[in-house]
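Trainee: I'd like to learn how to read a few backbone and packing features from a model. Please take me through them one at a time.

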Amino acid sequence: MTYQETVQWMFSQLPMYQRQGKTAFKKDLNNILKLSEHLQNPETKFKSIHVGGTNGKGSVSHMLASILQEAGYKVGLYTSPHLKDFRERIRINGIPIRKNCVINFIKRNKKFLEENNLSFFEMTVGMAFEYFAKKQVDIAIIEVGLGGRLDSTNIIKPVLSVITNISFDHTQMLGDTLEKIAFEKAGIIKKNTPVIIGETTEETTNIFKNVAKEKHSDIYFVNKNSELSYKSDLTGIYQQKNIRTVLQAIKILKQKGFKINDKAIKSGLLKVKGNTGLRGRWEIIQENPKIILDTAHNEAGIKYVIKQLLQQNYEHLHIVLSFVNDKNLKNILPLFPKDAIYYFSKAQIPRALNEVELQEQAKKYGLKGKIYQNIAKALAEAKKSANKNDVIFVGGSTFTVAEIV
């Protein structure tokens, strides 16, 4: 199979949460443990940091990778989902896994993968772990896919666990209260392994404390009021919380013998995009009119993005919007400004919410606009309608942004 055929096989033959939703969610770690054994337990052959949470885990993972690269380490980075190319999920020092490596992994293991009915995510995690082990990375930053306790990445024994925050998302799988979601996310806390909690809430603090105590693990709560003297090329206002979390992580890594000086921290934070290839976080792709992309897709994330959007200077605000079909729009749509011009659309995935339904839902909250069959058409129309002093925002889901970058 060619690279394209290989990736197509992975997407279409086996369930993929990002495309299909709940039906692809596995309720245990049996498959990934079987695959790990088949691959000779690659996750035991490199050091790792495990990063979970509802929002910010991608940004925190990329920031940590960038700083460690600047400090001279060979750094593996596993994240999901990808925007354009599957290989974005598996990188070493910012360079995506080679197409050949993807093809050969599937070719070598295809029989096993089929016989054991492995999911798209499980085989991708196995591929990443084997790749990092073979390439002998000094450390790998592993981002949790969904939840934590039952996520396929949760077979690693990291040197440090990070939970960025807890808010409502994927409630069909993780539970409908913050306490239930926190319990699932706390599943990445390992025995005698320090854990950092980026943001705390009344509902979740005790859950984290109890799990950490049970596991004999030191727990660190990030001080949200601490003075922040570091800047990043990730300019979303929500990144300030993520930077504080990253700085706490670096402090613990230094205690564990990692050599990371202040210069590496500063340059690592300023070169996240260049070092790791991160895209879609408050990304400005054009000026006059200014076009901003952001992958925020749940209530907590979108709140921050809208706050920053309303701080921009513009004559008119144009919003290209699409969501996946399992979002709680009753909580999300009221956050959007009523005086913006909307372009309702849908991403080209099975899980996308129909644009007509989105328009109808939005109308209930005073959001008005036309419908477009795809994101590219919606953006083209927004550009045509906007003058140079306007702002165009594209968002609502990762997949909305993926069709523009």
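Mentor: Start with the labels: helices (H or I, at least four residues) and strands (E, at least two) are DSSP runs, numbered from the N terminus. Also keep in mind that this is a predicted model.

Trainee: Let's begin with the backbone, then. Which peptide bond involving Pro81 is cis?

Mentor: The general idea is that most residues other than glycine have a negative phi, and most peptide bonds are trans. Here, the bond joining Ser80 to Pro81 is cis, with omega about -10°. You'll find Pro81 in the loop between strand E2 (75-78) and strand E3 (90-92).

Trainee: And where does Pro289 sit?

Mentor: Pro289 is in the loop between strand E9 (283-286) and strand E10 (290-293). Its peptide bond from Asn288 is cis too, and omega is near -5°.

Trainee: What about phi: what value does Asn41 have?

Mentor: Asn41 isn't a glycine, yet its phi is positive, about 50°. Look for Asn41 in the loop between helix H3 (30-38) and strand E1 (47-52).

Trainee: On to helix packing. At what angle do the axes of H4 and H11 cross?

Mentor: Two packed helices are described by the angle between their axes and the distance between the axes. For H4 (residues 57-70) and H11 (residues 262-270), the axes cross at roughly 135° and come within 8 Å. That angle is why H4 counts as oblique to H11. As for handedness, H4 and H11 make a right-handed crossing.

Trainee: Which residues of H4 and H11 meet?

Mentor: From H4 it's Met63, Ser66, Ile67 and Glu70, and from H11 it's Ala264, Ile265, Ser267, Gly268 and Leu269. Sorted by class, this H4 and H11 contact has five nonpolar residues, three polar and one charged.

Trainee: How do the axes of H4 and H10 cross?

Mentor: With H10 (residues 239-255), the crossing angle is roughly 45° and the axes come within 9 Å. H4 is therefore oblique to H10, and the crossing of these two is right-handed. The class count for H4 with H10 is 10 nonpolar, four polar and no charged residues.

Trainee: One more pair: what angle do H8 and H9 pack at?

Mentor: H8 (residues 178-185) and H9 (residues 202-214) pack at about 30°, with axes 9 Å apart. H8 passes H9 in a right-handed crossing. Leu178, Glu179, Ala182 and Phe183 of H8 touch Glu203, Thr204, Ile207 and Phe208 of H9. That H8 and H9 contact splits into five nonpolar residues, one polar and two charged.

Trainee: Which residues line the second largest cavity?

Mentor: Its lining is Thr164, Asn165, Gly198, Glu199, Lys241, Asn242 and Thr245. By class, the second largest cavity's lining has no nonpolar residues, five polar and two charged.

Definitions and conventions: Residues numbered from 1 in each chain as written. Predicted model: local features only at pLDDT ≥ 70, side-chain atom pairs only at ≥ 80, totals over all residues. Heavy atoms only, no water. Axes fitted to C-alpha atoms, helices over the stretch in contact; angles between N-to-C directions. Parallel < 35°, antiparallel > 145°, perpendicular 65-115°, else oblique. Left-handed = near helix turned anticlockwise from the far one by under 90°. Contact = heavy atoms within 4.5 Å. Nonpolar A, V, L, I, M, F, W, Y, C, P; charged D, E, K, R; others polar. 1 Å grid on protein atoms, 1.4 Å probe; cavity = no way out; pocket = protein on both sides within 12 Å on 5 of 7 lines; lining within 4 Å.
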